[in-house]
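User: Could you take me through the reading of a structural model, feature by feature, giving the general idea before the particular case?

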Amino acid sequence: MFILCVEILFIQVRENKEIKGITIDNYELKLSAFADDADFLTSDVKSLKLVFQTCKSFQIYSSLKLNLEKSEACWIGGKKGSSEEPVNCKWIDIKNNAIRTLGIFNSYDNDLVEKLNFLDNLKCLNDILKLWGYRGLSLSGKVLIFKSLALSKLLYTCTMKVPSKQIIDLLNTIQKEFIWNNKRPKIKHTTLIANYSEGGYKDVDIKAKIRAIRVTWVNRLLDNNFHPWKVIPNSIFSNVGGIIIIFHLNLQVSKQCLIKIKNIPKFYQELIQLWSE
């Protein structure tokens, strides 16, 4: 019901020609929304003010009020780091701080991105496992708890951001210490991750799990449905041969291709390499 109502607001923004979004490959992006979370993209201050005016008008008819205390804005592109605050909400300098979008922190500071998206979550994950560590769980119980209550906290983040080797190593250490109570493992990891029929416990291989989740992006990119979010990766991949060529079933990443993909975002670089492997 909420989504049906709030879509009226989004239609008003999309159809307002005075609100200028960001144009990529002749497609104008003005907003992105999921459930009760929405991001607006504008190319000038006038458009931003019009978005806020539209929200105020929408409030009169719907009683849905924009929470300014929770609303964040930032400058991107050439004006990133600007101290101007043309509308009343919380302004973030993403050169030195981070803005949160759908639970993911974004910033030009890569160390801060890693801390907020991964290191802080690892601490939370570790605290959960410490509580469960006192309960005398069986080996299969520990495997289940690690997969369902701990690892799940990071998997969503891993679909959006590239975890460093340090993060994966830390996660592997946390997993091993929890499963074996900080003692030497009694069963090889390769045996633990095997199926029950093979004498295993269906434990998770963290690196393989993260890589598999990342590769599922390719299915979304190659389906026949149009989604506005596809405009950006389509534009990026057009510079290195196009999506169809890049993700051909038998693609092997050549030296020439590796040179080309160095100029695209790290997320997409890794996606190409994972798909090739």
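The dialogue below moves from the whole chain to a hairpin, some loops, the cores and a pocket.

User: How should I take the numbering and the values?

Analyst: This is a predicted model, in which local features need pLDDT of at least 70 and side-chain atom pairs count only at pLDDT 80 or more, while totals for chains, interfaces and linings use all residues. Residues are numbered from 1 along each chain as its sequence is written, and side-chain values use heavy atoms, with hydrogens and water left out.

User: How many helices and strands does the chain have?

Analyst: Helices (H or I, at least four residues) and strands (E, at least two) are DSSP runs, numbered from the N terminus. On that basis the chain has 11 helices and 8 strands, and its C-alpha trace spans about 65 × 50 × 35 Å along the principal axes.

User: What percentage of the residues count as buried, and how do I read the contacts?

Analyst: Buried means under 20% relative accessible area, exposed means over 50%, and partly exposed lies in between (1.4 Å probe, protein chains only). Of the 277 residues of the chain, 35% count as buried. A contact means heavy atoms within 4.5 Å; among contacts between residues at least 6 apart in sequence, 54% join residues at least 24 apart.

User: How are β3 and β4 arranged?

Analyst: Two strands pair if DSSP finds at least two bridges between them. Here 4 bridges join β3 (residues 31-34) to β4 (residues 37-40), and the two strands run antiparallel. The bridge partner of Ala33 is Ala38 in β4, and Phe34 stands opposite Asp37 in β4. The two strands form a hairpin with 2 residues between them, and Ala35 in the turn has a positive phi of about 55 degrees.

User: Which other residues have a positive phi, and where do they lie?

Analyst: Most residues other than glycine have a negative phi. Asn26, with phi near 70 degrees, is placed in the loop between β1 (22-24) and β2 (27-29), and Asn26 is exposed, with a relative accessible area of 80%. Ser63 has a phi near 65 degrees and is found in the loop between α2 (45-62) and β5 (72-74), where Ser63 counts as exposed at 65% relative accessibility.

User: Is Phe226 buried or exposed?

Analyst: Phe226 is exposed, because its relative accessible area is 55%. The residue lies in the loop between α7 and α8 (231-238), and, leaving aside neighbours within four places in sequence, Phe226 is in contact with Tyr27 and Val231.

User: Which residues of the largest nonpolar core touch the most other members?

Analyst: A nonpolar core is a set of buried Ala, Val, Leu, Ile, Met, Phe, Trp, Tyr and Cys residues joined through side-chain atoms within 4.5 Å. In the largest one, which has 25 residues, those touching the most other members are Leu125, Leu129, Phe146, Leu151, Leu171, Ile179 and Ile206. At least two residues of this core come from each of α3, α4 (139-160), α5 and α7 (206-222), and α4 gives the most, with 9 residues. A second, separate core of 16 residues includes Val218, Ile236, Ile243 and Phe247.

User: What is Leu151 in contact with?

Analyst: Setting aside neighbours within four places in sequence, Leu151 is in contact with Leu125, Phe146, Leu171, Val204 and Ile206.

User: Which residues line the second largest pocket?

Analyst: On a 1 Å grid over the protein atoms alone, a pocket is an open set of points where a 1.4 Å probe fits, with protein on both sides within 12 Å along at least five of seven lines, and lining residues have an atom within 4 Å of a point. The lining here consists of Asn126, Leu129, Lys130, Gly133, Tyr134, Lys142, Ile174, Glu177, Phe178, Asn181 and Asn182. Both α3 (110-133) and α5 (165-179) supply at least two of the lining residues, with the largest share, 4 residues, coming from α3.
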